[in-house]
Amino acid sequence: MKSLYISLIIICFIPAVYGQQGAKADDVLLLEYYQNQRFADVADYLKKTYPEPVVDTKILGSLAYSSQMAGRLPDAEAYYERIYSADTTNTTVIFSLGNIMARRGDNVKALFYFKKILFSDSTNFSVYKQMGRMAQNAGNLQDAIKYYEKANRISPGEPDVAYDLSSFYINNKKYNKADTVLTVALKADTGNLLLLQSKAEVDYHLERYPAAVMECTKLINYGDGESHVINTLGTCYYKLKDYNNCINTFKLLEESNTATEISYYCTAMSYKALGDQQMAISYFEKAIKEAISNNVNSYYGEMADSYSQEHQVKNAVSAYQKSLLYGMMPLTYYDIASLYDVQLKKKDLALQYYKKYVKSDPPEEQKPYLAYSKKRIGELSR
């Protein structure tokens with residue numbers, strides 16, 4: 001592919017450098033420069049071979065292109081403008097000038113050139129793509145989405161625009177729109193890892209967990225075992241109640257020292273579901289150490305429940321009380337009251353926590369607990 005691309009450059013540019021003032025460029029030398037991407041050497045050689053004034057537009061095009069590829073943007077702009085002054089309808093030159101202006105940060109001029117192309121060709125994919133990228137780099141997300149949408153309608157299989165557009169949709173939680181874009185793009189490029197990553201994320205948010213598992217597994221088989229892929233896969237297994245695979249998947253993060261609060265929590269809940277309360281407690285403790293969210297109270301609550309199932313009542317009470325330090329959940333008061341009442345036979349403390357539960361304004365679905373608590377308050381107060 002590279003050889004074909006270089007050959008096309010030679011076919012287009014080298015014949016142009018024969019005729020002016022009897023000068024003749026060394027096409028073998030130019031071929032060597034192009035093949036090794038020595039664009040600065042190409043520009044320097046052409047300048048030496050064809051001193052000013054250069055009037056042949058094909059030679060000017062060769063000078064402009066090599067200067068642009070060498071990063072000599074002011075030189076490239078000057079050469080392209082000389083061609084543009086001779087032919088203001090040359091779309092290739094106008095597009096190149098727009099790209100150069102964009103790279104130099106002059107978005108006003110860049111848009112002038114790009115809109116000039118759109119005036120005569122309203123379906124130019126490359127222009128909309130470049131305008132989208134300019135708007136994105138400038139932080140103008142609304143315009144970026146608008147231009148990427150237009151580009152995507154013209155060429156829905158082009159992966160770069162599909163990825164950028166779907167990323168905007170995902171960030172704005174427009175998962176169905178992202179799914180539509182990614183589904184079409186993946187039909188054209190089934191092995192595109194960036195598109196697969198985004199599709200897995202979308203399927204996760206749309207609760208299509210089997211599809212997300214398939215996509216994450218495919219990514220891992222392709223060698224993309226990044227932590228966010230492992231996290232998505234492990235969480236999907238947890239949502240599917242495939243607890244053994246959830247545990248085994250998240251062990252990969254532990255082995256690479258990239259485990260997170262969520263991975264520890266899902267592992268703990270998986271062990272709990274499998275009846276291994278000691279391992280569950282161990283992983284709840286790890287989740288708490290890593291915690292950066294507001295879920296610590298629920299972690300302690302789950303840990304307390306595991307202690308209770310293991311008949312470690314005092315540890316259960318302690319864990320419930322710690323959960324209250326991170327956020328009040330009415331049912332926690334009830335759980336503590338019940339442990340003091342039934343297991344530890346400490347009626348005064350049970351009465352205290354039953355009263356706290358009643359005052360905590362429990363939700364409607366906890367009506368039976370509320371009725372029982374009021375009944376026990378009456379009995380324990382006698």
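**What I am working with**

I note that this is a predicted model, in which local features need pLDDT of at least 70 and side-chain atom pairs count only at pLDDT 80 or more, while totals for chains, interfaces and linings use all residues. Residues are numbered from 1 along each chain as its sequence is written, and side-chain values use heavy atoms, with hydrogens and water left out.

**Entry on Asp-179**

I placed Asp-179 in helix α11 (residues 175-188); the helices in these notes are DSSP runs of H or I with at least four residues, strands are runs of E with at least two, and both are numbered from the N terminus. I then looked at Asp-203, which is 24 residues from Asp-179 along the chain, and found that their C-alpha atoms are separated by 7.8 Å.

**Entry on aromatic rings**

I counted 19 aromatic pairs, using the rule that rings of Phe, Tyr and Trp (its six-membered ring) pair if their centres lie within 6.5 Å, with planes under 30 degrees apart called stacked, over 60 edge-to-face and the rest tilted. For Phe-95 and Phe-114 the ring centres are 5.7 Å apart and the planes stand at 50 degrees, so I wrote this pair down as tilted. Phe-95 lies in helix α6 (residues 91-103) and Phe-114 in helix α7 (residues 107-120), so the pair ties together parts that are 19 residues apart in sequence. Elsewhere I found one aromatic cluster formed by Tyr-334, Tyr-354, Tyr-357, Tyr-369 and Tyr-372.

**Entry on charges over rings**

What lies over the face of Tyr-283? I found Lys-286 there, at 4.3 Å from the ring centre; a charge sits over a ring if NZ of Lys or CZ of Arg is within 6 Å of the ring centre and within 35 degrees of the ring normal. Tyr-283 belongs to helix α17 (residues 277-290) and is buried, with a relative accessible area of 6%. I noted too that the C-alpha atoms of Tyr-283 and Thr-267, 16 residues apart along the chain, are separated by 6.6 Å. In another such case, the charged end of Lys-356 sits over the ring of Tyr-353, 4.8 Å from its centre.

**Entry on the largest pocket**

I looked for open space on a 1 Å grid over the protein atoms alone, where a cavity is a set of points at which a 1.4 Å probe fits but cannot get out, and a pocket is an open set with protein on both sides within 12 Å along at least five of seven lines; lining residues have an atom within 4 Å of a point. The largest pocket holds about 290 Å³ of space, where grid points are joined across faces, edges and corners and a volume is the space filled by probe spheres set on the points. Of its 17 lining residues, those closest to the centre are Gln-197, Ser-198, Glu-201, His-228 and Thr-232. The elements that give two or more residues to this lining are α10 (159-171), α12 (193-205), α13 (209-221) and α14 (227-239), and α12 gives the largest share, 6 residues.

**Entry on cysteines**

How many disulfides are there? I counted 0, taking a disulfide as a pair of cysteine sulfur atoms within 2.5 Å. For Cys-236 the nearest cysteine sulfur, that of Cys-216, is 5.8 Å away, and Cys-236 is buried, with a relative accessible area of 0%. The sulfur of Cys-266 is 5.3 Å from the closest cysteine sulfur, in Cys-246, which is too far for a bond.

**Entry on the backbone**

I kept in mind that most residues other than glycine have a negative phi, and that most peptide bonds are trans. Lys-173, in the loop between α10 and α11, has a positive phi of about 60 degrees although it is not a glycine, and Lys-173 is exposed, with a relative accessible area of 63%. A cis peptide bond, with omega about 0 degrees, joins Glu-52 and Pro-53, and I found Pro-53 in the loop between α3 (39-49) and α4 (57-69).

Conventions:
Buried < 20%, exposed > 50% of the residue type's maximum accessible area, 1.4 Å probe, protein only.
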